[in-house]
Amino acid sequence: MDNALTDLALDHVAIAVRSFADTLPLLEQLTGTPASPPERVPAQGVEVCFVGHVELIRPLDGSNGVARFIDRRGPGLHHIAYRVDDVGAAMTALASEGYEFTSARPMTGAGGHRIAFMHPRSTGGLLVELVERG
């Protein structure tokens, strides 16, 4: 594996929720940290907010992957995200090793950061996000 893709920093873990109100009070109490203001990410069909390194992700309607995830499995751990220097380069390196992605190119995620999701069918069932923070 490319040396640039080892020992990556954990960026965040994401929890799929139906409502921020169901989970935010507990996370804020446990961490002593207020949540970030909710941010809509229309390209992903979600709204997100962060409490430290925990992202709460809420579908905006019933037609996207997060909504389907909640319908099938209920609210809970959705994905883990690792920070990379260059999402496009990371996608190329990982694809050369047989890993699949949910999109052919990086997308724009929360905060305007470039992101990509590794497809769970190639990762043993785990949804992994790669995040490039400028």
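This briefing describes the fold, surface and nonpolar cores of one protein model. The model is predicted, so local features need pLDDT of at least 70 and side-chain atom pairs count only at pLDDT 80 or more, while totals for chains, interfaces and linings use all residues. Residues are numbered from 1 along each chain as its sequence is written, and side-chain values use heavy atoms, with hydrogens and water left out.

**Fold and dimensions**

- The protein has three helices and eight strands; these are DSSP runs numbered from the N terminus, with helices (H or I) of at least four residues and strands (E) of at least two.
- Their order along the sequence is β-α-β-β-β-α-β-α-β-β-β.
- The C-alpha trace spans about 40 × 30 × 25 Å along its principal axes.
- Of the contacts (heavy atoms within 4.5 Å) with a separation of 6 or more, 54% are between residues 24 or more positions apart.

**Surface and burial**

- Buried residues make up 42% of the 134 residues. Buried means under 20% relative accessible area, exposed means over 50%, and partly exposed lies in between, using a 1.4 Å probe and protein chains only.
- The protein exposes about 7,400 Å², and carbon and sulfur atoms supply 52% of this area. Accessible areas come from the Shrake-Rupley method with a 1.4 Å probe; for residues, only the protein chains shown count as cover.

**Asp7**

- Asp7 is found in the segment before strand S1 (10-16).
- Asp7 counts as exposed because its relative accessibility is 79%.
- Most residues other than glycine have a negative phi. Asp7 is not a glycine, yet has a positive phi of about 60°.

**Nonpolar cores**

- A nonpolar core is a set of buried Ala, Val, Leu, Ile, Met, Phe, Trp, Tyr and Cys residues joined through side-chain atoms within 4.5 Å.
- The largest core has 13 residues, of which Leu5, Val84, Leu94, Phe101 and Leu130 touch the most other members.
- Strand S5 (76-84), helix H3 (87-95), strand S7 (114-118) and strand S8 (128-132) each give two or more residues to this core; H3 gives the most, with five residues.
- Apart from this core lies another of ten residues, including Ala14, Val41, Ile57 and Phe69.
- Leaving aside neighbours within four places in sequence, Phe101 is in contact with Met91, Leu94, Ala95, Ala116, Phe117, Met118, His119 and Leu130.
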